[in-house]
Amino acid sequence: MGASILPDLGTEILIPFCAVVGIVFSLLQWVYVSRVQLSPARDSNSNSAGKNGYNDYLIEEEEGVNDNNVVQKCAEIQNAISEGATSFLFTEYKYVGAFMVAFAILIFVFLGSVEGFSTSGHKCANDETKMCKPALATAIFSTVSFLLGAITSVVSGFLGMKIATYANARTTLEARKGVGKAFIVAFRSGAVMGFLLAANGLLVLYIVILVFKMYYGEDWGGLFESVTGYGLGGSSMALFGRVGGGIYTKAADVGADLVGKVEMNIPEDDPRNPAVIADNVGDNVGDIAGMGSDLFGSYAESSCAALVVASISSFGINHEFTAMLYPLIVSSIGIIVCLITTLFATDFFEIKAVKEIEPALKRQLIISTALMTVGVAIVTWISVPSSFTIFNFGTQKLVKNWQLFLCVCVGLWAGLIIGFVTEYYTSNAYSPVQDVADSCRTGAATNVIFGLALGYKSVIIPIFAIAISIYVSFSFAAMYGIAIAALGMLSTIATGLAIDAYGPISDNAGGIAEMAGMSYRIRERTDALDAAGNTTAAIGKGFAIGSAALVSLALFGAFVSRAGIATVDVLTPKVFIGLIVGAMLPYWFSAMTMKSVGSAALKMVEEVRRQFNTIPGLMEGTAKPDYATCVKISTDASIKEMIPPGALVMLTPLIVGIFFGVETLSGVLAGSLVSGVQIAISASNTGGAWDNAKKYIEAGASEHAMSLGPKGSDPHKAAVIGDTVGDPLKDTSGPSLNILIKLMAVESLVFAPFFATHGGLLFKL
């Protein structure tokens, strides 16, 4: 078998070192962003020219708008958005905190009862000559790791939101100096979130493993089983963040668009629109905090799935520490690769024109994937023995280290393919979105038909990419290969998140420019940044869904192994009923989230209409709208409406496992994975295409686009309706579904010992 080249001490230094480098780099980016002053006095008096032109004089382009006045207004609007986002997240976290404590107690009680809360050890499953720690220890440590995962997820989302609301007005102000300067501020801010999240997730997981190891000693099976709680904690918080944030943002967005754009014929983000602050707050709580928690959950779960399978393979049985922590070493190298990649966007190349924005963001994906391939080859060679065995449903499969390298690469490159296919179907530079825009000539109905068709069609290539990844990685290294492929897809998470967070920051920057009364030229620049951000957000969602499919399959494999199921036979009634019910769950969940957005948007539309009808001088711009009421409507609706979908996802595995047993539960997990991935991809891409079809008409950048415009024309109104229908699809239901499939799988894995011992009550009667 041989040993790995990298000594254990090297691993103990490498992982925390890379995590700390990631944290330091993110803080450095934050320092650069903070150099853009939001205080008029200092801004106008500063004559020193700093790096990237941060302190150089502001070119007067405001066409009669007083410079200090503009900066002041931007600062005020930024403050209102930041306060709204912080207040919503604190309200959400109060409810989520109560759930966290209740669920932690549930984990302890269920897992502790597996051996009747006994404190005596038991014989190890893979070596009966040794004694392993009691189930009570697993219960305690799983509860602790669940709480740590939940807290890390919440902190990741909150920090991301804080930096986004800190950077939005600064991006607006930099847009006065040119599109390149604004791009750098928005991208650096996204990088702060990406690197903080990747490094924190890695560091906390590594510390958890080291601390738990002090108690577990040689019992690595028990140790890594307890660590799975970390993934469960991360994903359960992500579910509430995604659903709650998604309902908030889309209720405000739909209300603002329908009344503002369609009925009152005023521009997007016009300060006269009462829902405009709530809309901008929503971008931060849904797209930033929600996405941050979501990808953190995927990262934590894929690491946990790989560690659980490795602990019952030769790495765990022979106590090879470096090889055991291979998933964490891959993530560590990912941080260094993403750091180098980020420099290409911020330091090596300068953006001078609008048309260079999207290629610069796409370059980030290609460079990070290419560099990561080289990085993975090196770490696989030094940290994994030349050959080893991997647990494969009761047998040990012989695997070579080059096969493991290919498993990571398959996931990594499949992620890039999914990203580019998503871009093709959602960017207005290509024919699919242009066809959707063209269909607006005959009204909203044809726009909706074309958009739905595009979404369904966009599923084909990503599913083939996922299918090939699964086949190749399973052939090489069984379920461990699939978990490692998922980790490969997520290894460039810092760059992926930087690109993803860039979108909402640019969107906010455009809103602030409009509200502060800045010139048309500046709004044009922020719109260009936003349009590129829209496409990259769709790419980010594609990555999240693709990785969720691989992660949940890896967790499914770990669950089947842990629950002691020999084979999952679809022809047995127990499994088939689970399969068909599982396939229905994503539809039920989508119905709940769509309806929640609809009912919240209804209240918002009524409130916006009421204000336009009852506040004298609102349309003339002489009176101010009541922004606070709209913010309150979104907050109240999202907190109330996030509970039923959350309960559906969290309770389904518990109810099925307890009453129907592990075989039916395995069917439910397989069914929800298969249908959930398809709906998630089509929903996200349909919504993204409708949004960019609207932006295509608004920008009027080509003859074709000009023939459909301008803003306020009938085709434009049809496009706005399509965009409004697509909003809950792309920002609420679609992204939340990938959490549904992962969360049910990781929850089943954590509770597997309880279900295997006490489950299937109905079949025991």
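Biologist: Does lysine 742 count as buried or exposed?

Modeller: This is a predicted model, in which local features need pLDDT of at least 70, side-chain atom pairs count only at pLDDT 80 or more, and totals for chains, interfaces and linings use all residues. Residues are numbered from 1 along each chain as its sequence is written, and side-chain values use heavy atoms, with hydrogens and water left out. Buried means under 20% relative accessible area, exposed over 50%, and partly exposed in between (1.4 Å probe, protein chains only). Because its relative accessibility is 0%, lysine 742 counts as buried.

Biologist: Which residue forms a salt bridge with lysine 742?

Modeller: A salt bridge is a side-chain nitrogen of Lys or Arg within 4 Å of a carboxyl oxygen of Asp or Glu. The closest N and O atoms of the pair are 2.9 Å apart, and the partner of lysine 742 is aspartate 294.

Biologist: How many residues apart in sequence are the parts that aspartate 294 and lysine 742 tie together?

Modeller: Helices (H or I, at least four residues) and strands (E, at least two) are DSSP runs, numbered from the N terminus. Aspartate 294 belongs to helix 7 (residues 276-311) and lysine 742 to helix 23, so the parts tied together are apart in sequence by 448 residues.

Biologist: Which residue meets lysine 250 in a salt bridge?

Modeller: The N to O distance of this salt bridge is 2.9 Å, and the partner of lysine 250 is aspartate 731. The pair links distant parts of the chain, 481 residues apart, with lysine 250 in helix 6 (residues 220-263) and aspartate 731 in helix 23 (residues 714-750). Lysine 250 counts as buried because its relative accessibility is 2%. Also buried, with a relative accessible area of 4%, is aspartate 731.

Biologist: In which helix does lysine 694, the partner of aspartate 723, lie?

Modeller: The side chains of aspartate 723 and lysine 694 meet in a salt bridge at 2.9 Å, N to O. Aspartate 723 is in helix 23, so the pair ties together parts 29 residues apart in sequence, and lysine 694 lies in helix 21 (residues 662-699).

Biologist: Are aspartate 723 and lysine 694 buried or exposed?

Modeller: Salt bridges that share partners join these two residues into one network, with members including Lys250, Asp691 and Asp731. Aspartate 723 and lysine 694 are both buried.

Biologist: Does isoleucine 580 count as buried or exposed?

Modeller: Isoleucine 580 lies in helix 18 (residues 573-614). Because its relative accessibility is 54%, isoleucine 580 counts as exposed.
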